[in-house]
Amino acid sequence: MEGGSIGRAIRRIRLIVLVFAAAGIPAALTALNVSGGRAASEIDSKSAHEAPSLPALAPEPSLPALAPEPSLPALAPDRPPTAGPSPAPVTASAWNGENFETIRRLRIPYAVRGVYVTGWTAGGPKMADILALIDQGLVNAVVIDVKEDRGRITYRTDVPLARTVGADRERMIPDLDGLLDALHERNVYVIARLVSFKDPLLATARPEWALRLKEGGLYRDAKGIAWIDAYQKPVWAYNADIAVELAEKGVQEIQLDYVRFPENGVVVDRLVRYANPDGRSKAEVVADYIASVRERLRPYPVFLSADVFGLVTTVADDMDIGQKWELISPRVDVISPMMYPSHYAPGSYGVPKPDLAPAAIIAAGLQDAARKDAALRAAGYRPAAVRPWYQAFSAPWLGKGNWMPYGPAEVKSQITAGEAAGIRSYLLWDPANRYEAAYFR
């Protein structure tokens, strides 16, 4: 529709003005009053970000023998940038492609205070509660489900394969362009959450791309959910097509979730036959997938992030799911470890009952992340900005004595622990999308 095209054009102009402002372009450009969102740094809470038990920690591994990828640098972390050469001046010609790399390389530090919202919330009356937090100045970013962990796309898409398999049949967000306009009018940083390989809808519609049992048939996890085989490059292209469409609509960041193989990897490996004729490791193929999405997004002024298990900040291996900090971090702008205390095994970091000690879990995990980032820098890599997910839900399934209700005090203790570690940006996860103003005050 013409109105949608105009809205997308306006969102792009806002993003350009933001970038120009960050580069020191004269304030006259911002007098247009189109300053857009600023750049940053499932439904069951267990299934959304469920972590396996804490494995025995091994010594810090040597860095992978990969040449530093010539990818674009990550966002600046939430601290003053180190001294170095200033970026080349940005002119209006940059948007016409003459100096586009400069736009993508700008360092724009920004403390994100974000919340997760489902497609149903984003497209329904409950979004008014999120907008109220935004209007109070408490929340400045939202993570919107655009492709969730059932494989459903929450808006009307023009990606041919998605239309063919009926991925957008429900259309939980009836007017995504209008929603983006409303958020950008409020200077909100919009993150599009795109689930990658936990996609039972596509696995059923295209079983040749699914994880398949050696004895025949689809692999299904303990909950009966079919998964995509992450080695299947047609699925990489499918997800990248969705990411590009969203970049063209004007979201500021694509967040890749479920960039992994199913948990209990040792068991899964015995059961399935991967489409892996080249003998690539799980960690290598996950890194390759992320790099391929980044390459597809290179023509667009959009950032790329990835969610990883909280323990990825600490463990030496890939946890048999393909997530290795040293391989993922240099390939994204932002990395978001899911540091929900309820998802750590008893005894993690010496904490008997992690859900009862949120600050201790956050502090220990971020300390390990900082150590890994220091090693990456020493090896010539540029690690991503760290922007953790914090727990904003209660976990009664842990059993009596092992959990506590999570309210403002518990949420704020995680935020404070992150700030003490030098991390000011964060995202809050509550699958029910109930966020209190007191979380942020």
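**Close-up views of a predicted model**

Figure 1. Glu-253 belongs to strand β5, while Arg-387 lies in the loop between β9 (385-386) and β10 (389-391), so that the pair links distant parts of the chain, 134 residues apart. Side chains of opposite charge can pair when their charged atoms come close.

Figure 2. The side chains of Asp-177 and Lys-249 meet in a salt bridge, with 3.2 Å from N to O. Asp-177 is in helix α7 (residues 176-185) and Lys-249 is in helix α9, 72 residues apart. Asp-177 is buried, its relative accessible area being 14%, and Lys-249 is buried at 10%. The structure holds 22 salt bridges.

**Figure 3. The stacked rings of Tyr-116 and Trp-429.** The structure contains 14 aromatic pairs. In the pair shown, the ring centres are 3.9 Å apart and the planes meet at 15°; because planes under 30 degrees apart count as stacked, this pair is stacked. Tyr-116 lies in strand β1 (residues 113-117) and Trp-429 in strand β11 (residues 426-429), so the pair ties together parts that are 313 residues apart in sequence. Both Tyr-116 and Trp-429 are buried. Together with Trp-389, these two residues form one aromatic cluster.

Figure 4. Tyr-231 and Phe-261 form a tilted aromatic pair, 5.4 Å from centre to centre and with 55° between the planes. Tyr-231 lies in the loop between β4 (212-213) and α9 (233-249), and Phe-261 in the loop between β5 (253-257) and α10 (265-271), so the pair ties together parts that are 30 residues apart in sequence. Both residues of the pair are buried. The charged end of Lys-282 sits over the ring of Phe-261, 5.4 Å from the ring centre.

**Figure 5. Leu-428 in the largest nonpolar core.** This core has 119 residues, of which Leu-183, Ile-254, Ile-290 and Leu-428 touch the most other members. Helix α9 contributes the largest share of the core, nine residues. Apart from neighbours within four places in sequence, Leu-428 is in contact with residues including Tyr-116, Trp-389, Val-411 and Phe-440. In soluble globular proteins, nonpolar side chains tend to be buried together.

Definitions and conventions:
Residues are numbered from 1 along each chain as its sequence is written. This is a predicted model: local features need pLDDT of at least 70, side-chain atom pairs count only at pLDDT 80 or more; totals for chains, interfaces and linings use all residues. Side-chain values use heavy atoms; hydrogens and water are left out. Rings of Phe, Tyr and Trp (its six-membered ring) pair if their centres lie within 6.5 Å; planes under 30 degrees apart count as stacked, over 60 as edge-to-face and the rest as tilted. Helices (H or I, at least four residues) and strands (E, at least two) are DSSP runs, numbered from the N terminus. Buried means under 20% relative accessible area, exposed over 50%, partly exposed in between (1.4 Å probe, protein chains only). A charge sits over a ring if NZ of Lys or CZ of Arg is within 6 Å of the ring centre and within 35 degrees of the ring normal. A nonpolar core is a set of buried Ala, Val, Leu, Ile, Met, Phe, Trp, Tyr and Cys residues joined through side-chain atoms within 4.5 Å. Contact means heavy atoms within 4.5 Å. A salt bridge is a side-chain nitrogen of Lys or Arg within 4 Å of a carboxyl oxygen of Asp or Glu.
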